[in-house]
Amino acid sequence: MLKYFFLGIIISLIITGYSDAQISPGELSLAHARFEGMSNCTKCHEIGKQVSAAKCLSCHKEIAGLINQGRGYHSSADVKSKTCWQCHNEHHGRNFQVIRFDKKNFDHRKTTFEQTGKHAQIGCYECHQAKNIGDPNIKKRQGTFLGLSHACNSCHEDVHKKSLGDNCSICHSTTAFKPVSKFDHANTKFKLIGRHASVECAACHKKETSNDGKIFQKFKGLNFANCSPCHDDFHKGKFGQDCKKCHNPSSFHSVNTVKFDHDKTNFKLEGKHVFVKCENCHTKERGTKPLFAKCSNCHRDYHEGQFLGADGKSGDCKNCHTVNGFSPSTFTLERHAAAGFALQGGHLSIACSQCHKTGDRWVFKKLGGKCITCHTNVHGDELTAEYLKDSQCDRCHSVQSWQRINFDHNTTKFALQGRHAQIQCRQCHMRLDDVNGRRDYKFKSVSDSCSWCHTDIHLGQFKTDKKNYCLECHTTDNWKPEKFNHEKTRFPLTGAHGKVECRACHKEIEKNGARMVMYKIGDFRCAACHF
């Protein structure tokens, strides 16, 4: 009778909450108050261990992201060697400040963003404002110092409207936005020589009104292929667009008096020929009257004789090209289809060079029409000839997109049933290769045993000679032991045993350094559970 008396006292203490008070060291702070209670302990603590830093970072994903990028204060040498709880204590009451630091004496260099120039003179909240934070989950927090980017345009308006890229430091410094002390026009594609060096910037870089109604000065994207975008062509195109033939940048009035109208010859300059320098065609080898019947008289045959004419010499380039430029080609989709390979799906969006150019050599004839001609078989010998017939990948892949897989798994020995039909291919077929040390897709090597993908959390308690012994208790619909029947065991549940929770008898133990629930109990005597 005495043991029942003490048992009643213990049950009474648990009901009244005495057990909670003895286990918890104190109230949680206001920020973590929702985790109060014994049922929530394991959200921060691991059984038998201290607070888990991994669990802290699973909630505070913004901190985890910065650490993974090697950015922010938590990636500094002062912090990354510490555990979370060394700085952020808990169980000190609702009003306890979990986050505390001295704003006035804080060394900003530890955040991997050193305050230089004007940045060193401004207050914290001039930058740390909600409008400068891109992440909406961080933006809604009050007084946070997280969420800022190192990019200048996260705080400063990009007056160039992204036309000059994101790296403002190429031209500007943190000391002052103007003057642009670090910019050197000589590093651009248009070096200022002659009179151009004394021209005001605004004379070439005009101010425009952008779509948002603001004044915008255009610096990039100017057309400087010839002089006419800035200078009026007084000749109205009679002498072409290459002003350098007669003029030079030192002075517009310093003119080359040699005047020549090429249209009076048997070779009218059209397209890009208009911009070619005289000496490029009129060389010592070709003379003053070079041959021009075929393009190959001046141009190298990049196709190396793949398109020969009836005379056995290089054919006429006009079949595919124009004088307006070597690219794009005039070879149509219809002609490509007639050549034996119709361009469909993703093939329509790629450049000709991706298939037809190897190094400096263009290949058109005898290229081959199989996928393996252009695409590497990343699966190696993991796919048998049954699934990769004639090296054609269309058994699984589509020309619309390489990522679009159309494969009937039921044609294999492992039909996808239950939850297996909902998961991504890589969850079963991607494995770390011990030989090359990288993650590769496995197909032929994949086992149809449950243990290929699933860890035996029972540590071999139910292992039998059957390959998929897990299916004796589990189904493919979920991991719950829906097929398990206690009545088929050596200990059928009768009487009050049928109402007892499983964990009351099946305790969690440690075996070989791992935790597991002991289901195969060897001792069924009453005294083993009742005392």
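This is a predicted model: local features need pLDDT of at least 70, side-chain atom pairs count only at pLDDT 80 or more; totals for chains, interfaces and linings use all residues.
Residues are numbered from 1 along each chain as its sequence is written, and side-chain values use heavy atoms, with hydrogens and water left out.

**Overall build**
- The protein has 13 helices and eight strands, which are DSSP runs numbered from the N terminus (helices: H or I, at least four residues; strands: E, at least two).
- Its radius of gyration is 38 Å, well over the 24 Å that the globule rule gives for 531 residues, so the protein is more spread out than a compact globule; the radius is taken over C-alpha atoms, and the rule is 2.2 Å times the number of residues to the power 0.38.
- Along the principal axes, the C-alpha atoms fill a box of roughly 125 × 70 × 40 Å.
- Of the contacts with a separation of 6 or more, 39% come from residues 24 or more positions apart; contact means heavy atoms within 4.5 Å.

**Around helix α4**
- Helix α4 (residues 61-69) has Glu62, Ile63, Ala64 and Leu66 as its buried residues.
- The cover over those residues includes α3 (53-59) and α5 (136-139).
- Just past α4, Gly70 takes a positive phi of about 70°.

- Strands β7 (residues 508-511) and β8 (residues 514-517) pair in the antiparallel sense over four bridges; pairing requires DSSP to find at least two bridges between the strands.
- Glu508 sits opposite Val517 in β8.
- Two residues lie between the strands, and Asn512 has a positive phi near 55° in this hairpin.
- Asn512 is exposed, with a relative accessible area of 77%.

- As background, most residues other than glycine have a negative phi, and most peptide bonds are trans.
- Lys178 and Pro179 are joined by a cis peptide bond with omega about -5°, and Pro179 is in the loop between α5 and α6 (201-204).
- Another cis bond runs from Ser327 to Pro328, with omega near 5°; Pro328 lies in the loop between α7 (278-281) and α8 (333-338).
- Glu304, found in the loop between α7 and α8, has a positive phi of about 50° although it is not a glycine.
- Glu304 is partly exposed, at a relative accessible area of 47%.

Note on methods:
Buried means under 20% relative accessible area, exposed over 50%, partly exposed in between (1.4 Å probe, protein chains only).
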